[in-house]
Amino acid sequence: MKLNVDGVLVYFPYEYIYPEQLSYMKKIKQSLDARGHCLLEMPSGTGKTISLLSLIVSYNHTYPERYSRLIYCSRTVTELEKVVAEIHRLMEYFRKEGVDYPLVAVSLSARKNLCIHPTISKIREGAVVDGQCHNLTASYVQTKRKSKDDGERPPGCAYYEDFREKGIPLKPGVYGLEELKEYGSRLGWCPYFMARAALESAQIIVYNYHYLIDPRISERVSKNLSRNAVVVFDEAHNIDGYAIECMSCRFTRKHIDKSLNNVNDISTEINKIKAADTQKLQREYKQLVAGLLAARESRDNSTDIVFTNPTLPEEVLDQAVPGCIRSADHFVGFLRRFIEYLKVRMRVNHVISETSTAFLKDCYDKFFINYSMVVDLARHWKITDKGGHGQHYIFNASHYIPVVIKWKYSPRQFDLYGGSK
């Protein structure tokens, strides 16, 4: 049915509307006109999702210059799928009424819900999927794969690389998680990065709270989205809990052990690179000596001067190792100190609570570590998950230190509670 709500022709894809739904639409319309905030509550099962979608989509169709897009945030994958189903129904009704409204509606979820890689898609643990995906798609991994230098090329993801090379914007339509996976499988493109690329041009975006609330995620995913958008938080009574969760962290001795495994993996990779650079220098040096000898012999047959093929001294080889690798050794040593400090702090028999300032001062006094070093290293160091440990726990924890209210630690775990800077 079509109805007029304070001057806006609203397309509502059902034959009947409850009075509560109409009142709901009017309040939303007033908020959109005022460009303000609105807090609405309706009982479950009264059709608030379709009421909200019908009014906002119809409003943007009537006044396309006022808002660039609708960003719909919900909690779970099941709820996201319900929203996408209602958008399908609404756009079908637009077409049934003869209205040409070509928009792109896309949903985004975690990699584990969108991956079609034959091996990684079978993994159920989200953190491991993220780590394995990063191993194949990181920018510096792609640079190595495209390099023409001799050496073993790291593995990559054909779906990601094909999309980066040939990918085009999504055609107008509604793309839920299953539609994205089907579309990606048909074209051989990665559904996750297809959805990521579509965010900037989509008129309707459906994703989880974390993509907008969590600063670590929103900085990568939602940073370039226009602020001239209508943002909806469904089930908003959960938002305070999500905000606390986004700015909090908990890790146990198990996480410490996995962090140490990650550091050992990094150290192994550094040694491999160092050995490869040393061997390469030795080969080039031998080729140079052989070339000089050949040139001398071709110029004259004098045997007064004898050329040898010596081995480069160790001190020369050490200096020949790139500075970034020599710095990496210090980096690994720094991480080991930080992990050891956390292990020491967990060796207690009772719960202790202290402010972040006191914690950071103790960290510096005992191990000469300050949080800015940890954050800067975590932000700039390029690391993949070599051992399949899923997450780089120490790096993740470092991002919380500047914004915690207090640390609480016990013999079994650390808790970092979120708050403002």
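Visitor: What do the side chains of Asp 257 and Arg 253 meet in?

Guide: A salt bridge, with 3.3 Å from N to O. The term stands for a side-chain nitrogen of Lys or Arg within 4 Å of a carboxyl oxygen of Asp or Glu. Before we go on: this is a predicted model, where local features need pLDDT of at least 70 and side-chain atom pairs count only at pLDDT 80 or more, while totals for chains, interfaces and linings use all residues. Residues are numbered from 1 along each chain as its sequence is written, and side-chain values use heavy atoms, with hydrogens and water left out.

Visitor: How many salt bridges does the structure hold?

Guide: There are 14. One of them brings together the side chains of Arg 145 and Glu 161, at 2.5 Å from N to O. Arg 145 is in helix H6 (residues 139–146) and Glu 161 in helix H7 (residues 158–166), so this pair ties together parts that are 16 residues apart in sequence. Arg 145 counts as buried, at 18% relative accessibility, whereas Glu 161 is partly exposed at 21%. Another salt bridge pairs Glu 340 with Arg 347 (3.5 Å, N to O). Here Glu 340 is partly exposed at 29%, and Arg 347 is exposed at 55%. Elsewhere, Lys 29, Asp 33 and Arg 66 form one network, joined by salt bridges that share partners.

Visitor: And how many disulfides are there?

Guide: Look for a pair of cysteine sulfur atoms within 2.5 Å. By that rule the count is zero. Take Cys 133: its closest cysteine sulfur is in Cys 190, 6.1 Å away, so the two are too far apart for a bond. Cys 157 is in no disulfide either, with the nearest cysteine sulfur, again that of Cys 190, 5.8 Å away. Both cysteines are buried, Cys 133 with a relative accessible area of 12% and Cys 157 with 9%.

Visitor: What is the mean pLDDT of the chain?

Guide: pLDDT is the predictor's confidence in each residue, from 0 to 100. The mean here is 79, and 75% of the residues reach 70 or more. Over residues 302–312 the value is below 50, and that stretch has 13 contacts in the model beyond near neighbours in sequence. A contact means heavy atoms within 4.5 Å. Residues 315–325 stay under 50 too, with 14 contacts beyond four places in sequence.

Visitor: What share of the contacts comes from residues 24 or more positions apart?

Guide: Among contacts in the chain with a separation of 6 or more, such residues account for 72%.

Technical notes
Buried < 20%, exposed > 50% of the residue type's maximum accessible area, 1.4 Å probe, protein only. Helix = DSSP H or I, 4+ residues; strand = E, 2+ residues; numbered from the N terminus.
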